[in-house]
Amino acid sequence: MLRDFNLADEAHLGYYVGFITSAFAVTQLLTGIHWGMLSDRIGRRPVILMGLIGTLSSIILFGLSKSFTWALLSRSLCGLLNGNVGVLKSMVSELTIEHSPEQRARAFSLLPLMFGIGSIVGPILGGLLSNPVQTYPSLFGQGGPLTDFFTEFPYFLPCLVSGIICAFGLIFGYFFLEETLASAIPTTSAIKKPIKVFHEPIEEQEEEERPLLENNQYKRPNYESNNNDEIDRLSTTSPTPTLPDKPTTPSLREAITPAVIAICISYGLFSFQAIFYDELFPIWTASKREHGGLGFRADEIGFLLAYCGCVTLVVQLFLLPKWTKRFGQLRLFQIVLFGCIFLYFIQGFTRYLYGIPDPTTEDGHSQTKFWVWIGLIVTSTLKTMFHTSAFTSCTILTNDAAPRLDCLGAVNGFSQCCASGMRAFGPATCGIIWSASLGAEWIPYAIRIHISWVTLSIVGAITFWSTTKLNPLDYDTSKFFPTEEQVFPPEDEEELNRRA
């Protein structure tokens, strides 16, 4: 698309591509917290539906782009009107809060799994459906209004298909998505069922009406036999029980506690190293060997990325729940981050595997890709396992750090802003370090080709160090459940004596 805008030559086109790519992350950084706090007030479901409407509108507008400014604004609009990532995390947390850690890990792993599937299907749709007049002349090149429209807007068809998929999600969510925020769920059942005001003793109540925690210390006395006048007065003067006031939603300052800030710092640092790696890996593998790379073709790089997608599927569905059960969420997060430090450092040395003789050739010829492929498969497997586990663990820990369930939207919005800021900052940093290090001829060649990987390893070490400062008690989910004293507070002794 940007090439058709005739903005610059091929060598400088990536500069404008970076602006388009970063526009969504930058604008999401500005509005992520606000969408999260709004979901804490009006509920998760309406915010999700509004985000889908915003995404649908921005996709259609992006397909109608005829200038760089229009494309940039439409991508920015998508970030402004869509805070669904953080809100969806809040919904999953509320749905699984009473489940075991391994069950929560399995549930949260579905979010990046769906994102990974979309990342695979999306580019395929874009490549197959772009410029349909030239790609499918038998369908769209027969002349008429349809041909004229797709000739003027050659990238509208993939955006239209994406918009249709989004519309299906909107319709499905409108009819089937249920609210998970307790304060936003209508309490119609409580209105329909009559409430009894101590007119029958607890021992005679039906099984469904008995308290969950039956303790003689907290049983209410049978006022019917002791003080019928008091019961009659309550029944006549207060036929409808007075309900407690609805709790107010915590403010942003109350929601963003030191524990939340601590885990969000780790989340932001990991997001930075993840996007740094994702930007560096294709540059490094595609660059010529004399420029510090591996000299791989585009199809070979695509195979590696597809392999990583398969490993992600296996880790999220089968391995991650078992690891969570064995190590615990915080310890697993620390283990994989510690492994990333050494993985990043040794990744750059994969290029030296070209010097090992190839056992598949008759004369043991070296300088082939046999051992390089093995090295890349091993390191790519470890990287995918580490990153997948870290992202899911960090998401769960962020939700566990929330002081209350009704501020999960603000907490996830804040964490999403931290991640978006790093994702907007990471690609540019990677490009600058890679180009500057290779251009620094005063540094020996054997050193400067590893500077980018060493820098990433240092960031990984800082990220791991930040997790050592996390207090495990801050991520205990038992704080979300009321204690027995909170469910049945003991009666005031003086009040009981007065009634007697």
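Visitor: Where is alanine 23 found?
Guide: In this predicted model, alanine 23 is part of helix H1.

Visitor: Why is alanine 23 called buried?
Guide: Its relative accessible area is 8%, and buried means under 20%, so alanine 23 counts as buried.

Visitor: Which residues does alanine 23 touch, leaving out those up to four places away in sequence?
Guide: Alanine 23 touches Leu72, Arg75 and Ser76. Touching here calls for heavy atoms within 4.5 Å. Leucine 73 is 50 residues from alanine 23 along the chain, and the two C-alpha atoms are separated by 8.2 Å.

Visitor: What makes arginine 3 exposed?
Guide: Exposed means over 50%, and arginine 3 has a relative accessible area of 52%, so exposed is the word for it. Arginine 3 is found in the segment before helix H1 (13-42). Its C-alpha atom and that of tyrosine 16, 13 residues apart along the chain, are separated by 9.8 Å.

Visitor: Back to Arg75: which helix is it in, and which residues of H2 and H3 meet?
Guide: Arg75 is in H3. From H2 come Thr55, Ser58, Leu61 and Phe62, and they meet Trp70, Ala71, Ser74, Arg75, Leu77 and Cys78 in H3. The residues of this contact divide into six nonpolar, three polar and one charged.

Visitor: What is said about phi of asparagine 131?
Guide: Phi there is near 50°, a positive value in a residue other than glycine. Asparagine 131 is found in the loop between helix H6 (110-129) and helix H7 (132-135).

Visitor: Why does asparagine 131 count as partly exposed?
Guide: Its relative accessible area is 23%. Buried would need under 20% and exposed over 50%, so asparagine 131 falls in between and is partly exposed.

Visitor: How do you know that serine 251 is partly exposed?
Guide: By the cut-offs of 20% and 50%: serine 251 has 32%, so it is partly exposed. Serine 251 is found in the loop between helix H13 (228-237) and helix H14 (252-255). Methionine 37 is 214 residues away along the chain, yet the C-alpha atoms of the two are separated by 8.5 Å.

Visitor: How many aromatic pairs does the structure hold?
Guide: It holds 22 aromatic pairs. One of them is made by tyrosine 174 and phenylalanine 175, 5.1 Å centre to centre, with 90° between the planes. Both tyrosine 174 and phenylalanine 175 are exposed.

Visitor: What makes phenylalanine 303 and tryptophan 373 an edge-to-face pair?
Guide: Two values settle that. The centres are 5.7 Å apart, and pairing needs them within 6.5 Å.

Visitor: Why is tryptophan 373 called partly exposed?
Guide: At 21% relative accessibility, tryptophan 373 is not under the 20% needed for buried, nor over the 50% for exposed, so it is partly exposed.

Visitor: What about tryptophan 371, and which residues does it touch?
Guide: Tryptophan 371 is also found in helix H18, and at 29% it counts as partly exposed. Leaving out residues up to four places away in sequence, tryptophan 371 touches Leu353, Ile356, Pro357, Asp358 and Pro359.

Visitor: How do you know that arginine 289 lies over the face of tyrosine 354?
Guide: Arginine 289 is 3.8 Å from the ring centre, and the distance limit is 6 Å, along with an angle limit of 35 degrees from the ring normal. Arginine 351 likewise has its charged end over the ring of tyrosine 352, 5.8 Å from its centre.

Technical notes. Residues are numbered from 1 along each chain as its sequence is written. This is a predicted model: local features need pLDDT of at least 70, side-chain atom pairs count only at pLDDT 80 or more; totals for chains, interfaces and linings use all residues. Side-chain values use heavy atoms; hydrogens and water are left out. Rings of Phe, Tyr and Trp (its six-membered ring) pair if their centres lie within 6.5 Å; planes under 30 degrees apart count as stacked, over 60 as edge-to-face and the rest as tilted. Buried means under 20% relative accessible area, exposed over 50%, partly exposed in between (1.4 Å probe, protein chains only). Helices (H or I, at least four residues) and strands (E, at least two) are DSSP runs, numbered from the N terminus. Ala, Val, Leu, Ile, Met, Phe, Trp, Tyr, Cys and Pro count as nonpolar, Asp, Glu, Lys and Arg as charged, and the others, Gly among them, as polar.
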